[in-house]
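Subject: Handover of a structure

Dear colleague,

Please find the structure below, handed over for your study. After it I set out what was found.

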Amino acid sequence: MTKKRKHQEDFQKVKLRVGKKKPKLENATDTTFRTKAIQIPEQLKEDGVLPTQNRKLNIKDLLSQMHHYSPGVKHNALLGLKDLLSQYPFVIDAHLSNIISEVAAVFTDKDSGVRGAAVHLLQFLASKIRAEQIAPFFPLVSAHLSSAMTHISEGIQEDSLKVLDVLLEAYPALLTDRSSILLKNFVELISHQQLSKRLKSREKLSWMLSVNPNRRVTSQQWRLNVLTRLKKFLQAVVDGSSEIEDEGLQEQKDSPHSVRNPVCISWKVHANNQQHIQLFENGGLRPKINSSFRLRSLASVMDSAEKGLSSAENLKGFIEIIIPLLIECWIEASPAQSAPILGNLLESESQQLMQQVLSIIHLLWKLTKRHDETYKMELWLRMNYLVDFKHHFMRHFPYSLQETVKHKKKDSCKGNKYCMTPSNSVDHLLLNLTLCDIMVSLASTSTLQMDSSWLDMIRKFVTDTLQDGSKLNSKQVNRLLGVTWRLMQIQQNKVATEPLIKAVYTLYQQRNLLFPVRTLLLKFFSRVYQKEDLRTQRIRSRSKVLSRWLAGLPQQLALLGLRNPELSNQLIDIIHSAASRSNKELLQSLQATAARIYDPLDGTLVLLPAEAQRRLVQLVYFLPCLPASLLACLSRCCIMGRMSSELAATLIGILHMRSSFAGWKCQVQDNSVNDVDYFSFLFSTLIGFSREELTSLQGIRGKPHISQTQLSPVRLYLTDLDQFLHHWAVTEMICHSLSTVPSQSQCFDILQTGICKYLVGLVVIPDSTAGSVLCAINKLLDQACILSENLHKFLASCCYSLLYFLLTLDKEDAEHVQKRDMLWGSCISALALLPRLLRLMLQSLQVSRICREELPVVAQLLRLLMQHGQLRSHMITNEFLVQQIIKDIMTLKSGEVQEQWLTDLHYCFNIYLASHPQGPGPVNAVY
């Protein structure tokens, strides 16, 4: 009873009474509080509002729909992505990782519409994303591509080729870095592995072509599609390797016209020890290192599987797999599998498949040439594949294309559903030329007798194609010339090479050839000539066709003119190369055509750009003879301003080196430059104007072209600034050449005779000509030279006319102000060297004959002459003349207010002349 009572005490029941409130529980919730809404406007706001497309979906919404189970939703999401990214391209950079991963994931989608939209979006993205941007994400893209190429679904495999096209077009370098995986995928697309029956063990598996009847296209068409992409992929591998050259002639390493970066050397700066030229032992575009030690490259650290085709082992392994498959494809498409009436005629689809087979083999052959052991690789290729190639490839050579034409019922061919007609297209030539290129690469001089049968077939085909090659394009000609060069290297005797050179020359002689074709032919002939020149020591063994080609180059250059500057540059380079080797035929032709090339009006020299002009000027050095007529043309080219003054100076220097005054220790070539003709060239260039031009200037009167004064019979024709500066630069080089003549007195007499004969007596003389004559006189004058009276008077008149022009020159005339220093220096130097010249000029200052406006100019001239240090002693000697001139000026200005210029003149006379102890008396006696 006690325990029960205690239990009831622990759990006592509260008795509720009527009318009393119910007591609150201990855990009751107090509900007397109030609540209010809290508004935070910025709480859910993001950093920026994402742009949306027309369906109001942003980038995150569209990417999330890519995981939807419905193909329609994914298809619309891809279309929306393209629409959004085209309107807002900046979204690509912000969400590049997500976009790439989501788009690549649908490469293997089951729905064809989704895959097609993904390909279109990828093509759009490829035009917006650079290679360096997508490079971090490209392994993911490559993995999805490999998954699509090896997918069990035929449709996904077919669409994977479209993805491959986009990536090859946009990112070839990134794609070829994973060549080891993708090449295996290509093989699996057209074949499957099978245990070889010849091998009892399972160590090696062979591959054989597979046939899938479930595809939408035929097996041959499917292989053509795959091989086309494989060829593009291998082409990207070849292009990505810097050590592999282009096709045909361009793959020769020692091409004379390969692009190089020359070292710019200024010999004047180098002679003054202001430019250092560092020479390297193994320099050049392709240095040859003869050391037996080599540094390990980063490529050697990688696994052979990661190297791809850059490893010789991997390349051999891929060749062993793909070549048998390509031969099987060739056998299926070869004419032997067609109707017997076709012979070696091919249908279009078969021709395309065979072309891809040969192109792939050709690219593989090019890849083998980049390895160090190229000779061993060629021997391995010949030993393993020459027999099969001869049996299958050369069996029906050469191949031609056959068109399949469906005729109407009323046609004459009623009995046949199809009738074969020869095609006018020349596409089949590329097939034959690629085959020739592959086969000749397997031949050599040592195997000539064993390979003579099929080499004769190739030689005959090449010769016939060249002789009738008017419709050839540049790609075909490039491959054709490459085969021709290889044939000439295999059999180097003149009997075999002369017909090939003659066939190429037949193609070269045809008119209206395309520029790329003409360029390839020029490169071929140039290379053949250089190779023959190195090998041949006797003239008898030279090719007559090659000599005829060289002899025609100068005439072609003259006829070409400005129609094709690039072709003209190539002709100039070849002519320069042959002329430097003293080729007799070319030099004779160049001599005969020189007058047309160097014509000052419409010759090649004045029409082409500066770099081509420089090469043409250099050719003057190699001319056998420089007659007077050619020197006259060269003189006009120098002074007409159609080539730079630096180039004109170079031409003058070359002619000086060809003259008898160059100081050669050995005997100079006889009759190269006649002394009389050489001096005529120098004088004509010094004058700067022809006789006809000087005659036409005599009729010009008045400003702004003429500067004249009443105290000088010589009027100045004011030349343009560009013409003046060009003439002045040429004059400096002429003066330098004249100063190198051993007998300076005789040289001065020749110059004096020319001036008196052609310039003295003229009323109008160009300012540049007057300055140039004074400059030459200053350069050649010495104590042994005697000037005639006529020359003294002419020079005095020129000096005053030039000084008057400079003193009356308007400061705002910027064009003529730049002439001041050069002309003033020439006049002062001449007056300082020839005291009689200064006296004659002072005697001509008869102020009584001039107008009052010219008096301040005469006064300013006298003041400047007195102030000049070089002339002060001569002015003191002629003090009486100066006093007389000042007296005449005072007489004319008597009774007038004395102006400032007259005060300055008095001051200078008192300072420099009147105060001199040798003076006759004070200046006050004059006034």
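The protein chain holds 43 helices and eight strands. Please bear in mind that this is a predicted model. Of the 927 residues in the chain, 46% are buried. Among contacts with a separation of 6 or more, 74% are made by residues 24 or more positions apart.

Confidence in the prediction

The average pLDDT of the protein chain is 80, and 80% of the residues score at least 70. Among the elements, the highest mean pLDDT, 93, belongs to strand β8, while strand β5 (residues 418-422) has the lowest, 35. Two stretches call for particular care. In residues 250-261 the pLDDT is below 50, and the model gives this stretch 21 contacts beyond near neighbours in sequence. The pLDDT is also below 50 over residues 917-927, a stretch with 15 contacts beyond near neighbours in sequence.

Between β6 and β7 (residues 715-717) the pairing is antiparallel and comprises two bridges. In this pairing, Ser 707 is placed opposite Leu 716 of β7.

A pair of packed helices

Two packed helices are described by the angle between their axes and by the distance between those axes. For helix α24 (residues 544-560) and helix α26 (residues 584-597), the axes come within 8 Å and cross at roughly 10°. Angles under 35 degrees count as roughly parallel, and α24 and α26 are therefore roughly parallel to each other. Which residues meet in this pair? From α24 come Ser 547, Leu 550, Ala 551, Pro 554, Gln 555, Leu 557, Ala 558 and Leu 559, and from α26 come Glu 585, Leu 586, Ser 589, Leu 590, Thr 593, Arg 596 and Ile 597. Sorted by class, the contact of α24 with α26 has nine nonpolar, four polar and two charged residues.

Details of the backbone

The peptide bond that joins Phe 397 and Pro 398 is cis, with omega at about -5°. Pro 398 belongs to the loop between α18 (374-392) and β4 (400-406).

Asn 512 has a phi near 60°, which is a positive value in a residue other than glycine. This residue sits in the loop between α22 (494-508) and α23 (515-535). Is Asn 512 buried or exposed? With a relative accessible area of 77%, Asn 512 is exposed.

Ser 582 is not a glycine either, yet its phi is positive, at about 60°. The loop between α25 (565-580) and α26 contains Ser 582. Its relative accessibility is 54%, and Ser 582 counts as exposed, because exposed means over 50%.

Residues apart in sequence

Gly 653 is found in helix α30 (residues 645-658). Its relative accessible area is 19% and it is buried, because buried means under 20%. Gly 653 and Ser 737 are 84 residues apart along the chain, and their C-alpha atoms are separated by 7.5 Å.

Gln 235 lies in helix α12 (residues 219-240) and is partly exposed, with a relative accessible area of 23%. From Gln 235 to Leu 168 there are 67 residues in sequence and 9.9 Å in space, C-alpha to C-alpha.

Ile 181 is part of helix α11 (residues 179-190). At 49% relative accessibility, this residue counts as partly exposed. Ile 181 and Ala 143 are 38 residues apart in sequence, and 9.4 Å separates them in space, C-alpha to C-alpha.

A colleague

Notes: Residues numbered from 1 in each chain as written. Predicted model: local features only at pLDDT ≥ 70, side-chain atom pairs only at ≥ 80, totals over all residues. Heavy atoms only, no water. Pairing = 2+ DSSP bridges. Helix = DSSP H or I, 4+ residues; strand = E, 2+ residues; numbered from the N terminus. Axes fitted to C-alpha atoms, helices over the stretch in contact; angles between N-to-C directions. Parallel < 35°, antiparallel > 145°, perpendicular 65-115°, else oblique. Contact = heavy atoms within 4.5 Å. Nonpolar A, V, L, I, M, F, W, Y, C, P; charged D, E, K, R; others polar. pLDDT = per-residue confidence, 0-100. Buried < 20%, exposed > 50% of the residue type's maximum accessible area, 1.4 Å probe, protein only.
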